[in-house]
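Keep the 3D view open as you read.

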Amino acid sequence: MVNFFNDNKFFLLKEDINNLLFQRNDLFSSRQKFLRKCFGRFLFTKFFIFFFKKKNISYLYYRIVDKELSLIRPFIKKAKKNKNILSIGCGLGGLEVLLQKTILKNSKFFLFERNFTSSKVVYGYDLRNREAYNSIKSTKLFVQNNSANSSKFNLFDIDTDKLPIEKFDIVVSLLSLDYHYPFDLYYKYLKKNSHSSTIFIFDTVRAEHFKKIFKVVKFISSDKKNIHSSSRLFCKNFR
């Protein structure tokens, strides 16, 4: 497999773009979101891909992921260990690829995702939220095409595969854990497969709740403009 990694964009296949446009609400302007609501996401996605060049989507996705990495980078560096990295709801895997390329070059990555596309799109927090917009095959190919060393990545279908028994040092889940992956559902697994120094970075609309779950809870950022008013947390040490 040829590695297409570039310093300012990702190599994307057509299937990557389809899944990406379902997953990433932040790829669209307010007007584009309105048009998507009017025409439906499947029809809108076809028109969007036709009129908006693939390379432009690649650059835009890279910039968004790079911005996310810049925000969490100081907190990632606080980890005492960085051997085993768990990402829940990784999507295509853009953040994880950049993490490996920049500050976690020798780490082993475990990527958890779902392997289907829901017929109805749901964005935001819901305890019953079980939607997904992804393909395991698509994530695997994206990692192979863009990572510095794809052998360091292990991909799991979170619904059907036997999940690994590891002691994770860093757990990252941006707008996934406690959204499409209810935290309460994976609480026992995460507690069993972490240690006292494991750091967790994830988004939630119920930040105060996690002060009951972790001994250390710090705010990385808050999105007050979003209707869901989510917060990005840095947590450590289960109670």
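## A look around the sheet

Strand 6 (residues 214-222) and strand 7 run antiparallel and are joined by 7 bridges. Bear in mind from here on that this is a predicted model. Within that pairing, S222 has S231 of strand 7 as its bridge partner. Strand 7 also has strand 5 (residues 194-204) as an antiparallel partner, here through 6 bridges. In this second pairing, I199 stands opposite K236 of strand 7. Strand 7 itself spans residues 231-238 and is mostly covered, with 6 of its 8 residues buried. Another residue to look up is C235, which counts as buried at 0% relative accessibility.

Stepping back, you will see an open sheet of 7 strands in the order 3-2-1-4-5-7-6, with mixed pairing. Strand 3 (153-157) and strand 6 are the edge strands; each has a single partner strand, so one side of each has no neighbour in the sheet. From one strand to the next, the twist averages 15°.

| Strands | Sense | Bridges |
|---|---|---|
| Strand 6 and strand 7 | antiparallel | 7 bridges |
| Strand 5 and strand 7 | antiparallel | 6 bridges |

Is helix 5 largely enclosed or left open by the rest of the structure? It is largely enclosed, because 7 of its 9 residues are buried. The buried residues of helix 5 are G94, L95, E96, V97, L98, L99 and Q100.

One of these, L95, also turns up in the largest nonpolar core, which has 34 residues. L95 is listed with F10, L12, I76, I170 and I201 as the residues with the most contacts inside this core. Two or more residues each come from helix 1 (14-23), helix 4 (54-76), helix 5, strand 2, helix 6 (136-146), strand 4 and strand 5. Helix 4 gives the largest share of this core, 8 residues.

Setting aside residues up to four places away in sequence, I76 touches L99, I103, L104, I170, V172, I199 and I201. There is also a second, separate core of 25 residues, and F156, L163, F168 and F202 are among its members. As background, nonpolar side chains in soluble globular proteins tend to be buried together.

S58 is found in helix 4. With a relative accessible area of 2%, S58 is buried, since the cut-off for that label is under 20%. Apart from neighbours within four places in sequence, S58 is in contact with K9, F10, F11 and L12.

L174 lies in the loop between strand 4 and helix 7 (183-192). The relative accessible area of L174 is 14%, so this residue is buried. Which residues does L174 contact, leaving aside neighbours within four places in sequence? They are E68, L95, I201, D203 and R232. L174 and T204 are 30 residues apart in sequence, while their C-alpha atoms are 9.1 Å apart in space.

## The chain as a whole

The chain has 7 helices and 7 strands. Read from the N terminus, its elements run α-α-α-α-β-α-β-α-β-β-α-β-β-β. Of the 239 residues in the chain, 50% are buried. Taking contacts between residues at least 6 apart in sequence, 73% join residues at least 24 apart. The accessible surface of the chain is about 12400 Å², and carbon and sulfur atoms account for 54% of this area.

Finally, a word on the cysteines. C90 is buried, with a relative accessible area of 9%. How many disulfides does a search of the whole structure find? The search finds 0 disulfides.

Conventions: Residues are numbered from 1 along each chain as its sequence is written. This is a predicted model: local features need pLDDT of at least 70, side-chain atom pairs count only at pLDDT 80 or more; totals for chains, interfaces and linings use all residues. Side-chain values use heavy atoms; hydrogens and water are left out. Buried means under 20% relative accessible area, exposed over 50%, partly exposed in between (1.4 Å probe, protein chains only). Helices (H or I, at least four residues) and strands (E, at least two) are DSSP runs, numbered from the N terminus. Two strands pair if DSSP finds at least two bridges between them. Axes are lines fitted to C-alpha atoms, for helices over the stretch in contact, and angles run from 0 to 180 degrees between N-to-C directions. A nonpolar core is a set of buried Ala, Val, Leu, Ile, Met, Phe, Trp, Tyr and Cys residues joined through side-chain atoms within 4.5 Å. Contact means heavy atoms within 4.5 Å. Accessible areas come from the Shrake-Rupley method with a 1.4 Å probe; for residues, only the protein chains shown count as cover. A disulfide is a pair of cysteine sulfur atoms within 2.5 Å.
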